[in-house]
Amino acid sequence: MQNFIHTNRQEPAKHPAPARVLNFDEIYRFYSLSQAASQAERCIQCGDPFCTALGCPLGNCIPQWLGAIAERDLKKAFLISNETSPFPEVLGRICPHTHVCEGACTLNDGYGAVSIGAIEASISDLGFAAGLELPFPGVTRPQKVAVIGSGPAGMSCAHFLLRAGIGVEMFERSLEPGGLLTLGIPNFKLDKSIVARRFDILHKAGLKLHLNCEIGRDKPFAELVEKFDAVFLGVGATAGRLPKLAHERHGSVFLAMEFLGEIQGRLLGRKMHRRFDVRGKRVVVLGGGDTAMDCVRTAIREGAESVTCVYRRDEANMPGSLKEYHNAVEEGVTFFFHRAPTKIIVDNDGKLTGVEVLQTCLAEPGPDGRRQVKEVPCSEHCILADVLILALGFDVEEFPFLQKAGIHTRHRRLVIDKDSGRTSHPKVFAGGDCHLGADLAVTAAAEGRRAAFAIMEQLLGQ
């Protein structure tokens, strides 16, 4: 260990941009065992590891599995990595590591953080390839829990309940399980076979999965509360935000999840509505987070003539992962920073022709610590567009069955006990974006795990 002086941080290899934009294959080639060991040896094994204590919402045992893989003990690293995380090979791919574990790494100041995310993904990839399995006991207890939603929070809750031998039935309104992991995150970041493998593992552990089953429409929520010993709500935050501009629901203006979902549906074999075909069109995406990066990089692969991302702050203040921004630049996306949309422009024939924006500048930090945005007067100008994609964040949908069951919400978000995830109903727990608002998959996973432990305590008394 502590080889950071002699060994530089090495990113996993990427397919060249001109080749990778021709398909939706994952762009990274993760480490071999020797490469993972070499990068893990850079860890200095801090006495108080900030990567775990401050950086990782799951509190993963990062120094321990780094130490194990540095010693080439793949099985030990695999088991430790999977002990606290419900899907490390997923989070190793999609977490904004510079904002979490790697951002808190001691070596981040001068030497370059340990490449925690890439090592994390590599450990599970190598472990599964070697035939390693996770220790599930099977359903050994009489208690049953219903999980509504199959995204990161629901998957996490189900994972830890099944590890305790508690039966789980999961209800998902879509045709495929995985929530945003399947329908929101493009294949070039997360191949869907990886998500499918996790559900295969959960199925073998005893999960009963009900797809195309919407609670409140196909099955009453009250029936779940009566039939099961506990219910977990992991319904996410999927309602896209609108800019409150005229023509925002024009036929050539898409919400991010509409666009990403349609493209992913086509890749899964479903028919795509022709209005989402962006081939040969000028595409403009509004937003600066990871979802915006998913949209611009998807539009490039879909054959758009040009793709432009418009964001009201600058590169340093983008909320998403820095690596995703750099990947988008490599793939040919143009970025216009310090611009805020003021008007969606439609011609006399009703055709979308562009978006009017104002120049912006950054002012003093606001209550949340982020620098506020000020518009520059008389700086209006137009950016030409045939298609406009809105990646401006997400809100929680309204679920009438929650109000009917007396479950408290605030601004649509579920109100829960911060220590247990329990709602105002004693049998109902919740976590993830439906409580926090749109947040990280790793945070949703942590909330799903917290609720699972609280459910175990309530049902098993231990």
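Helices (DSSP runs of H or I, at least four residues) and strands (DSSP runs of E, at least two residues) are numbered from the N terminus. By this rule the chain has 18 helices and 20 strands. The structure is a predicted model, in which local features need pLDDT of at least 70 and side-chain atom pairs count only at pLDDT 80 or more, while totals for chains, interfaces and linings use all residues. Residues are numbered from 1 along each chain as its sequence is written, and side-chain values use heavy atoms, with hydrogens and water left out.

## The chain as a whole

Along the principal axes, the C-alpha atoms of the chain fill a box of roughly 65 × 60 × 45 Å. The radius of gyration is taken over C-alpha atoms, and the globule rule is 2.2 Å times the number of residues to the power 0.38. For 462 residues a compact globule would have a radius near 23 Å, and the chain, with 23 Å, agrees.

Relative accessible area is computed with a 1.4 Å probe on protein chains only; a residue is buried under 20%, exposed over 50% and partly exposed in between. Of the 462 residues, 55% count as buried. A contact means heavy atoms within 4.5 Å. Among the contacts in the chain with a separation of 6 or more, 70% come from residues 24 or more positions apart.

## Helix packing

Two packed helices are described by the angle between their axes and the distance between the axes. Axes are lines fitted to C-alpha atoms, for helices over the stretch in contact, and angles run from 0 to 180 degrees between N-to-C directions. Angles under 35 degrees count as roughly parallel, over 145 as roughly antiparallel, 65 to 115 as roughly perpendicular and the rest as oblique. A crossing is left-handed if the near helix is turned anticlockwise from the far one by less than a right angle, and right-handed if clockwise. For the make-up of a contact, Ala, Val, Leu, Ile, Met, Phe, Trp, Tyr, Cys and Pro count as nonpolar, Asp, Glu, Lys and Arg as charged, and the others, Gly among them, as polar.

Helix α4 (residues 62-70) packs against helix α5 (residues 74-84) at an angle of about 165 degrees, with the axes 7 Å apart. The two helices are therefore roughly antiparallel to each other, and α4 passes α5 in a left-handed crossing. On the α4 side the contact is made by Gln64, Trp65, Ala68 and Ile69, and on the α5 side by Leu74, Lys76, Ala77, Ile80 and Ser81. These residues divide into six nonpolar, two polar and one charged.

Helix α4 also packs against helix α8 (residues 116-129), at about 65 degrees and with the axes 11 Å apart. The crossing of α4 past α8 is left-handed. Ile62, Trp65, Leu66 and Ile69 of α4 make this contact with Ile116, Ile119, Glu120 and Ile123 of α8. Seven of the residues are nonpolar, none is polar and one is charged.

Asp290, Met293, Val296 and Arg297 in α14 meet Glu324, Tyr325, Asn327 and Ala328 in α15. This contact comprises four nonpolar, one polar and three charged residues.

## Individual residues

Phe4 lies in the segment before β1 (13-14). Leaving aside residues up to four places away in sequence, Phe4 touches Arg42, Ile44, Leu107 and Tyr111. The C-alpha atoms of Phe4 and Cys43, 39 residues apart along the chain, are separated by 7.0 Å.

Lys244 is placed in the loop between β7 (239-240) and β8 (253-255). Phi of Lys244 is near 60 degrees, a positive value in a residue other than glycine. His338, in the loop between β11 (334-336) and β12 (339-346), likewise is a residue other than glycine with a positive phi, near 55 degrees.

Cys378 lies in the loop between β14 (371-375) and β15 (381-384). Cys378 and Gln359 are 19 residues apart in sequence and 8.6 Å apart in space, C-alpha to C-alpha.

| Residue | Relative accessible area | Class |
|---|---|---|
| Phe4 | 15% | buried |
| Lys244 | 77% | exposed |
| His338 | 22% | partly exposed |
| Cys378 | 76% | exposed |
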